[in-house]
Amino acid sequence: DEKISDDFYKRLEIDYQNSVKVLNENKFFKKSPWWIKCSDEFKKIFLNENLKLNIEALNNFRNSVKTKAAILADQNFLSSNNSSFINKLKSLSIINLYHKLSEHVDLDILRMCSESRAGNSFCVSYRNQRLSHRVLRYAYYVSQIKKNTSLDLKAQNLFLDIGGGYAGLSRYLKNIYNHSTFVTVELPEVCVLAAYFLKKCFPNKKIATFSDFKDHKKINSEDLREFDFVILPQPMIEKFDNEIFDICINTTSLGEMTNEMQQFYINEIERISKKFFYSVNRPKERIEKFN
């Protein structure tokens, strides 16, 4: 658990402020009411009034944070605030799910799934694996991608995860496709979490943020392949070259956008994908959250 430098934290603060500026200047990018609420929550939790990072909140962003956003809310399935009995029951349900998934997930992938301690996550330990609902979901996604695509494990593929949250799926995929580059496009507040999380998980990997690409008019494959991970705010997607990504990924966030933004991302995915698009999205409406 290597200590993150003050310089890296300062970089994230500057990136956040500049990303918000770019997002506000681009009138097309509009958040749904759901994500306006979530962004406001994230900003209050992880940034103070002077837009300085709350380091303690970052260190515990997968433990004690209270938010409506599922990417953080479901981290508290097991909690130190629960009774021992409740946590034992919930632990048994996760272990049961682990064994059910053995019928659907490549066993080599399932046996290596284990949560990072970054963000101070609270997990059940089973067979020397730190299990959570989210990491088991990622095991399924990774297994499906490996099974249904022809992507070479040893090649330097380009992955794009649109709405990739704090980059938990990218972390998992990096351990399978370890020569590949993983790009995350997210809200500025969530970009901060992703950069922090990946830096804690991969202290020696090359991680690019908005600062590395803010002056690029176009972003090509060579630009991206200089890094292991790239984390950018949403408007940067328009700068990617055509047919640049070997695979684009979206899991449960297209449905959280306005109709206009959904269509925009579908068009962009069609433009920038070279081989595959992997989608996991809800087919039914949830009026309070999805249109």
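Predicted model: local features only at pLDDT ≥ 70, side-chain atom pairs only at ≥ 80, totals over all residues.

**Pockets in the model**

Me: Which residues lie nearest the centre of the largest pocket?
Reply: Ile-71, Arg-134, Gly-163, Thr-251 and Thr-252 do, out of 22 residues that line the largest pocket. A pocket here is an open set of 1 Å grid points, over protein atoms alone, where a 1.4 Å probe fits, with protein on both sides within 12 Å along at least five of seven lines; lining residues have an atom within 4 Å of a point.

Me: Which elements give two or more residues to that lining?
Reply: Helix 2 (33-46), helix 4 (70-73) and helix 7 (133-148) each do. Helices are DSSP runs (H or I, at least four residues), numbered from the N terminus.

Me: And which gives the most?
Reply: Helix 7, which brings four residues to the largest pocket's lining.

Me: What's the volume of the largest pocket?
Reply: About 310 Å³, taken as the space filled by probe spheres on grid points joined across faces, edges and corners.

Me: What lines the second largest pocket?
Reply: Its lining includes Tyr-16, Gln-17, Val-20, Phe-29, Lys-43, Leu-51, Pro-188 and Glu-189. Helix 1 (6-25) and helix 9 (188-201) are the elements giving two or more residues to the second largest pocket's lining.

Me: Which gives the most there?
Reply: Helix 1, with five residues in the lining of the second largest pocket.

Notes. Residues numbered from 1 in each chain as written. Heavy atoms only, no water.
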